Amino acid sequence: MRTASLMAPEAGMTLFRAQAASRHLVRWCLCLVTVATAACRSENKEGARQDVPPAAAQAATPEAPAELHGVGGVEGVDPAYDQSRQPARFVAALGLSPGQRIADVGAGLGYFTLRLSDAVGPTGRVVATDINDEALKQLRQRVFGRKNVEARKVTPDTPGLEPGTYDVILLAEVDHFLPDRVAFLESLRPALTPNGRIAVTHLRAMRPPLVAAAQAAGYAVVSEFNDLPVHYLLFLQPVRSGDTSSTAPR
């Protein structure tokens with residue numbers, strides 16, 4: 001009996017230790033499972049990060065250049081357009097001389113600007129005006145290095161030209177854009193030299209409203225060039241006191 005009573009506590013301790021060991025084993029296994037799961041999640045996150053390119057590495061999508069309207073063309077790009085405009089014949093008809101000062105009003109991309117620059121030479125000057133920033137930007141790139149050309153930003157109803165300065169003021173396919181033809185032509189008069197002229201060219205169908213506006217603004221048609229395929233070219237000068245001569249619309 002005594003032996004049996006002594007053996008019972010040892011058996012209980014053995015059972016307790018076995019249960020404790022079992023609990024430790026279970027906890028240890030849970031820890032391993034937790035660590036493994038966390039590692040897998042970490043690897044998945046890293047993999048996801050690698051699949052998504054950093055924002056800084058993504059190239060910005062370039063914006064398409066804005067399409068320009070009403071700014072003319074560039075000589076040499078469209079043979080059919082050049083055939084219609086006849087730039088060499090046109091500039092020759094202006095009768096320019098080296099050293100003269102020319103205003104290319106509403107020049108846009110400067111279809112005639114480079115030829116005007118050549119015609120007045122290094123001692124002359126061409127001021128090409130427009131209201132369109134993008135057109136002026138491209139024009140400045142085209143005339144880069146030509147010291148006798150200035151591309152100038154102006155407003156729609158203000159010529160932005162110095163008084164008493166220009167021998168010829170050219171309006172090439174421009175007058176239909178003017179808010180008020182008569183008022184604009186009047187505003188050009190102070191910029192002319194004493195013998196200065198305004199040269200206007202456009203499609204022939206656009207001639208009558210221009211001539212009517214010129215007469216209302218106090219100009220006379222002093223000469224005209226009719227050797228262009230579809231465009232007219234005429235020259236205006238302010239009517240002097242007592243001079244009633246002018247060319248009527250036709």
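Predicted model: local features only at pLDDT ≥ 70, side-chain atom pairs only at ≥ 80, totals over all residues.
1. As for its place in the chain, Phe 235 belongs to strand 7, which runs over residues 231–238. Leaving aside residues up to four places away in sequence, Phe 235 touches Ala 93, Leu 94, Arg 197, Ile 198, Ala 199, Ala 220, Val 221, Val 222 and Ser 223.

2. Turning to charged pairs, side chains of opposite charge can pair when their charged atoms come close. In this model the count comes to 11 salt bridges, and the next points take up several of them in turn.

3. A salt bridge joins the side chains of Asp 227 and Arg 89, with an N to O distance of 3.9 Å. The pair links distant parts of the chain, 138 residues apart, since Asp 227 sits in the loop between strand 6 (219–225) and strand 7, whereas Arg 89 is in helix 3 (residues 87–93). Asp 227 is partly exposed, at 44% relative accessibility, and Arg 89 is likewise partly exposed, with a relative accessible area of 36%.

4. Asp 118 and Arg 146 also form a salt bridge, their closest N and O atoms being 2.9 Å apart. Asp 118 counts as exposed because its relative accessibility is 53%, while Arg 146, at 26%, counts as partly exposed.

5. Which residue meets the side chain of Glu 224 in a salt bridge? The partner is Arg 207, at 2.9 Å from N to O, and the pair connects strand 6, where Glu 224 lies, with helix 7 (residues 207–216), where Arg 207 lies, 17 residues apart. Glu 224 is partly exposed at 24% relative accessibility, whereas Arg 207 is buried, because its relative accessibility is 4%.

6. Finally, salt bridges may also be joined into a group, and in this model a network of them links Arg 125, Glu 150, Arg 152 and Glu 162.

Conventions:
Residues numbered from 1 in each chain as written. Heavy atoms only, no water. Helix = DSSP H or I, 4+ residues; strand = E, 2+ residues; numbered from the N terminus. Contact = heavy atoms within 4.5 Å. Salt bridge = Lys/Arg side-chain N within 4 Å of Asp/Glu carboxyl O. Buried < 20%, exposed > 50% of the residue type's maximum accessible area, 1.4 Å probe, protein only.
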